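Here is a quick tour of a two-chain model, written for someone who likes to check the coordinates alongside the text. Have the structure open while you read.

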Amino acid sequence: MVNNENSKGLCLAALTTLYLGPIDWQINCGECVSLAGASGSGKSLLLRAIADLDPHEGEVLLNGRSAMSMAGHLWRRRVGLLPAEPFWWSERVGDHFSGDELQYLESLGLTEEAMEWEVSRCSTGERQRLALLRLLQNRPEVLLLDEPTAALDPQSVEAVEALIANYRRQQQAVVIWVSHDPQQRQRVAQHHFCIEGRGIKEVEL
Amino acid sequence: MNFISLSPLDLGIASLLVVVLALLSFRLALGISRKLLFAALRTTVQLLLIGLVLKLLFANVHLGWVALMSAVMLLAAGRIVMERQERRFVGWWGYGVGTLSMFLSSFTVTLITLLIIISPDPWYQPQYAIPLLGMMLGNTMNGVALGLERLTSSVYQQRRVIEARLLQGQTWCEAIAQIRRDSMRVGMLPMLNAMAAAGLVSLPGMMTGQILAGAEPMEAVKYQILIMFLIASGTGFGTMGAVHFGARRLFDERERLRLDRIG
């Protein structure tokens with residue numbers, strides 16, 4: 001087990017999934033990296049492996065602590081994955097929220113009324129924004145975002161980008177942002193990566 | 001006991017009814033005449049065989065034989081439970097989950113009954129032990145099969161929702177809680193219905209058999225009440241156990257949902 005208390009941020013050590021790896025990757029606290037790659041290249045599976053939702057080989061460390069050193073659910077509270085298509089376990093939106101974490105609602109153009117909505121009657125864009133808020137409740141130290149603005153209008157895209165940038169700075173969070181839009185990648189991330197073969201490569205946009 | 005012994009001719013006349021039914025099914029092109037005749041034949045052979053086995057067992061009262069017979073019954077029940085699953089657990093678990101739960105519940109309840117409630121001498125007297133265990137297994141089997149089937153099919157259908165819960169940082173227990181409760185309930189419902197209908201709608205088979213065989217009705221009723229309680233608890237514990245073990249098996253040590261463990 002690799003363990004280095006001094007290393008800050010997210011570290012992948014020879015992480016291997018079905019399609020990718022072994023991948024070594026170090027992302028510092030407060031840093032956002034963008035990740036692109038053809039559909040089916042294994043981006044989503046890579047994010048799932050980092051959140052420890054799929055069996056994988058190799059290790060993931062956060063601030064020097066291996067995922068294996070804590071229970072799966074505790075790891076996933078710290079390493080939050082926002083899937084491209086979020087699912088809901090209750091009919092009422094508010095059932096997915098604890099109630100005291102509504103401060104971000106307005107910044108995304110939503111009001112507290114949204115808590116009374118039925119999930120099935122929300123638009124795809126509303127659901128995507130609500131899912132982001134749902135995830136932020138845990139105050140994750142790592143955000144794995146799988147095309148988080150795919151279903152949003154330009155105004156909401158801007159709001160989501162601003163919210164995540166704020167959160168990242170305040171919490172010194174690590175963000176991996178999967179996006180196909182070069183302009184968005186330029187806006188949100190400091191470093192840019194592409195999937196190439198079974199590995200990832202840093203690229204200039 | 002005074003009862004009228006049945007002759008082979010009596011059974012032959014009854015079998016004619018089944019033959020007539022098969023002919024009618026054939027005329028109506030239901031496509032089950034052959035199956036019907038085969039099933040009737042199968043039940044005859046199986047029951048005659050078990051009659052011979054029981055006769056032998058009653059003549060040679062020995063714990064070893066009773067244990068062997070019980071093991072065969074348990075393994076057969078385990079197989080039936082497995083065959084009734086559309087999505088069964090991969091590997092030994094497919095057979096093991098149901099069989100282990102039935103073993104734990106049916107055998108425990110039967111042992112308690114034999115040792116404390118009926119207490120025949122010796123306690124493993126096959127005349128009591130085998131029919132009791134048979135009733136327990138037969139009913140527990142239904143509950144376990146229903147519960148497991150509900151568990152695996154719900155988890156398969158709701159896999160994305162379960163994963164959403166896991167991604168939110170819920171424990172595997174929280175993520176499966178609702179489905180686990182539903183599955184246990186589904187497994188136990190038929191037994192609840194049977195208790196509600198007993199005597200009003202249906203005269204339970206065991207009681208009917210005893211009365212036909214000449215037993216005093218109140219004696220038969222007392223036995224039937226005992227059996228109902230035993231079946232209820234045996235089915236309930238067995239279903240809870242199977243759903244519990246099954247739900248645990250669906251997640252690994254990292255609390256990941258492992259659908260690759262069901263086929």
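This is a predicted model: local features need pLDDT of at least 70, side-chain atom pairs count only at pLDDT 80 or more; totals for chains, interfaces and linings use all residues.

**Chain A as a whole**

Chain A is built from five helices and 10 strands. How does its radius of gyration sit against the value for a compact globule? For 205 residues the globule figure is near 17 Å, and chain A comes out at 17 Å, so the two agree. Along the principal axes, its C-alpha atoms fill a box of roughly 45 × 35 × 30 Å. Buried residues make up 38% of the 205 in chain A. If you look at contacts with a separation of 6 or more, 70% of them join residues 24 or more positions apart.

**A serine in a loop**

Now zoom in on S179(A), which sits in the loop between β8 (174-178) and α5 (182-188) of chain A. Is S179(A) buried or exposed? It counts as buried, because it has 21 C-beta neighbours inside 10 Å and the cut-off for buried is 20 or more. Setting aside neighbours within four places in sequence, S179(A) touches S34(A), A36(A), E147(A), Q184(A) and R185(A).

**Where the chains meet**

The contact draws 17 residues from chain A and 14 residues from chain B. On the chain A side, helix α2 (residues 72-78) gives the largest share, with four residues.

**Two helices in chain B**

Packed helices are described by the angle between their axes and the distance between the axes. For α8(B) (residues 205-212) and α9(B) (residues 217-249), the axes come within 9 Å and cross at roughly 155°. The pair is therefore roughly antiparallel, since angles over 145 degrees fall in that class. The crossing of α8(B) past α9(B) is right-handed. Here is who makes the contact:

| Helix | Residues in the contact |
|---|---|
| α8(B) | M206(B), M207(B), Q210(B), I211(B) |
| α9(B) | P217(B), A220(B), V221(B), Y223(B), Q224(B), I227(B) |

Sorted by class, the residues of this helix contact are eight nonpolar and two polar, with no charged ones.

Key: Residues are numbered from 1 along each chain as its sequence is written. Chains are lettered from A and ligands numbered from 1 in the order in which they are written. Axes are lines fitted to C-alpha atoms, for helices over the stretch in contact, and angles run from 0 to 180 degrees between N-to-C directions. Angles under 35 degrees count as roughly parallel, over 145 as roughly antiparallel, 65 to 115 as roughly perpendicular and the rest as oblique. A crossing is left-handed if the near helix is turned anticlockwise from the far one by less than a right angle, and right-handed if clockwise. Two residues are in contact if their C-beta atoms, placed from the backbone, lie within 7 Å. Ala, Val, Leu, Ile, Met, Phe, Trp, Tyr, Cys and Pro count as nonpolar, Asp, Glu, Lys and Arg as charged, and the others, Gly among them, as polar. A residue is buried if 20 or more other C-beta atoms lie within 10 Å of its own, exposed if 12 or fewer, and partly exposed in between; C-beta atoms are placed from the backbone. The radius of gyration is taken over C-alpha atoms; the globule rule is 2.2 Å times the number of residues to the power 0.38.
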